[in-house]
Each structure stands twice: as structure tokens, then as C-alpha cells.
Amino acid sequence: MRAARGTARVAVRGHRRDGVGRKSTTREPIIQEPVSSESTAPEPEATRRDADVAESSRANRGWWDRNADEYQTEHGTFLGDDRFVWGPEGLDEVEAELLGPPDELKGRDVLEIGAGAAQCSRWLAAQGARPVALDISHRQLQHALRIGGTIPLVCADAGALPFADASFDLACSAYGALPFVADPRQVLREVHRVLRPGGRLVFSVTHPIRWAFPDEPGPEGLGVSASYFDRTPYVEQDDEGRAVYVEHHRTLGDRVRDVVSSGFRLVDLVEPEWPSWNTSEWGGWSPLRGALIPGTAIFVCVRD
Ligand SMILES: C[S@@+](CC[C@H](N)C(=O)[O-])C[C@H]1O[C@@H](n2cnc3c(N)ncnc32)[C@H](O)[C@@H]1O
């Protein structure tokens, strides 16, 4: 995984690289070999600076297209091909039931946002739901095709959902889109629009407190090194100053206000504790840090 370079920051699921190198899938790839751009390209510079909606979207589409293979190789086994895991702690929807009891998922139209290889959607389909998996990255969705299933896949930006009003009963996102967008309210308003009255949105993001700490899994990741209140985005940029990766920080209060001002009612905020069975590291998430500070925040919201 890519270690934090230059700035004390938070990395989302999969951004850092630690070479766990597990093979994710049960099927042979049906897609072409990736073009490796990272091995030859100069290392981008990590900094904190503004990045607007368009720059963030363009940068992250490119980053996830270039890094989807590595993400799925590294984390595919932990995620499982057809499990619904909310974050590096390993909280599984089977036990969490944040979308409601599994037997009530049958027949529900569900939108998964920032679906990656659509592992969560595959689990939802197995419960009898009708998921649609949306992601900005074409390469991530190619991994969804490689793993298989009959879930509709949509390549689009979460800030402009290509669906009619009131198309879905439920929406969910496990670290998809919301950590990366410059205007999370635009995404939330879009989700509100495509949900039917009474619908539910559940999404997980990096716990905002992590932005105050270095993104390191070991003891060096335990000391406050930056202001929690500094909302300046984390940006990696190329040698011409073009962003190639962007993450946006919102404080916990910001996230609550984003949810409420977009028309949702916040019914729960889940901070999964690190379970004793989970001995694995995922970027800056580790058993050591997980025992002391939260790593994931999950927002459970209702569209009245
Ligand atoms: C950390 S991965 C999570 C993927 C999947 N939910 C999982 O749990 O493995 C973040 C995903 O969000 C997607 N993403 C980032 N920005 C997005 C946007 N603006 N709209 C839609 N998807 C986006 C990325 O392409 C990537 O697949």
C-alpha cells in the first residue's frame, strides 16, 4: 500500500498499499490485462489544497481505473465475492442489519453507490433484493463482471444519478463516492431524489477523527498530527499540478448537517468497534489503532 507521503492524512479503504497481495476471486479474469501506468509514472506529490467538484471527480475516476486491479487483488478475499462488509473492521450486514432485517430485503430496489466490484450488491441479490451497482470507475465495474452475476452495472458519477425520481427503496454505500466528492450534499440530494418516500440510505466513510492522525497502522498512527477542523482536501498531484487522487474531509458535525440539509432524517450513527477475530491491517486501519480510536462511521438515514 502507498504509505502516507508528505502529509499526515487519512487514506480510504484500499488507497494505501502494504502488499498483502491476496487473490480475490474464484474465477479466471475475463478482462484484458491492465496497462501498468504506475510503475513508470513519477510518484505524485501529496499535499493539502482545494479541489473542486470537477477536479475531484476526474482525478478519482482515473485513480480508481488505474488502481482497481490492485484494490481487488489486495482486499478481495477480505471483502468476499458476495458479502456485504461495511469497513475494514469487518462489520457485516448479516449481523448489523442496518438496511433492515434480511427477510425484508426481498423484492426491494436497491442502489449501491461506489459499488466497486459489487460485492455488496451480490449479497443483496442473494437476499432476493433487486440491486443496481453504480460506480464512477469502469475498471471497478469490469471486476464486477469478472466475479459474475446478473446485477445491472452503471458507470456514472454519484453526483448526477442517471435514474428517475423515486426509483429505489434503499440506497447503500460502503466507502463509495462520499469520501471522494467535493460536494457531498449534491450526492445526498441525488440519493434523496431517487429514493421513494420511506426509503433508507446507509453509507460508511472513514471516521472523521482519523484525519487528525497520521495514516499509519502502527504506533506512529496514534498521535494527533493535524487539526481535525482543517477541511482542506488531501490531494495527490502530478508534476504539472494536476490532481490524480483526492479525498475530502468532513467533520462529524459536517456530515450530520449534510445528511439533514439534504432532506434525510438521521436515525443512527454506527462506529464499529474492532473485533478480536480481525487480525488484519487495511492501510491505516489495524487492530492496534482499532482498539483505541474509531476508524469507520456509518450513517443510517431515512427519507421521510
Ligand atoms: C474504497 S472503494 C469502495 C468500493 C466498494 N464499495 C467496496 O466496499 O469495496 C471506493 C469506490 O468509490 C468509487 N467512487 C469514487 N468517487 C465516486 C463518484 N464520484 N461516484 C461514484 N463512485 C465513485 C470508486 O471508483 C471506488 O470504486
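This is a predicted model: local features need pLDDT of at least 70, side-chain atom pairs count only at pLDDT 80 or more; totals for chains, interfaces and linings use all residues.
**Close-up views of a sheet and a ligand shell**

**View 1. Seven strands form an open sheet with mixed pairing.** Going from one strand to the next, the twist averages 20°.

**View 2. Helix α4 packs on the sheet.** Here you can find α4 at residues 138-147, where the helix touches β3 (130-135) and β4. The direction of α4 makes about 170° with that of β4.

**View 3. Strands β6 and β10 pair in the antiparallel sense.** Let us step along this pair of strands. Residues 195-206 make up β6 and residues 296-303 make up β10, and seven bridges join the two strands. A handy place to start is valine 202, which stands opposite valine 300 in β10.

**View 4. Helix α6 lies across β9 and β10.** This helix spans residues 252-261 and runs at about 145° to β9.

**View 5. A shell of 23 residues surrounds the ligand.** To get your bearings, look for the closest residues: Trp64, Gly114, Gly116, Ser137 and Ala158. Sorted by class, the shell has 11 nonpolar, nine polar and three charged residues. Which helix gives the most to this shell? That is helix α1 (residues 53-79), with four residues.

Methods:
Residues are numbered from 1 along each chain as its sequence is written. A residue is near a molecule or strand if its C-beta atom, placed from the backbone, lies within 6 Å of it. Ala, Val, Leu, Ile, Met, Phe, Trp, Tyr, Cys and Pro count as nonpolar, Asp, Glu, Lys and Arg as charged, and the others, Gly among them, as polar. Two strands pair if DSSP finds at least two bridges between them. Axes are lines fitted to C-alpha atoms, for helices over the stretch in contact, and angles run from 0 to 180 degrees between N-to-C directions. Two residues are in contact if their C-beta atoms, placed from the backbone, lie within 7 Å.
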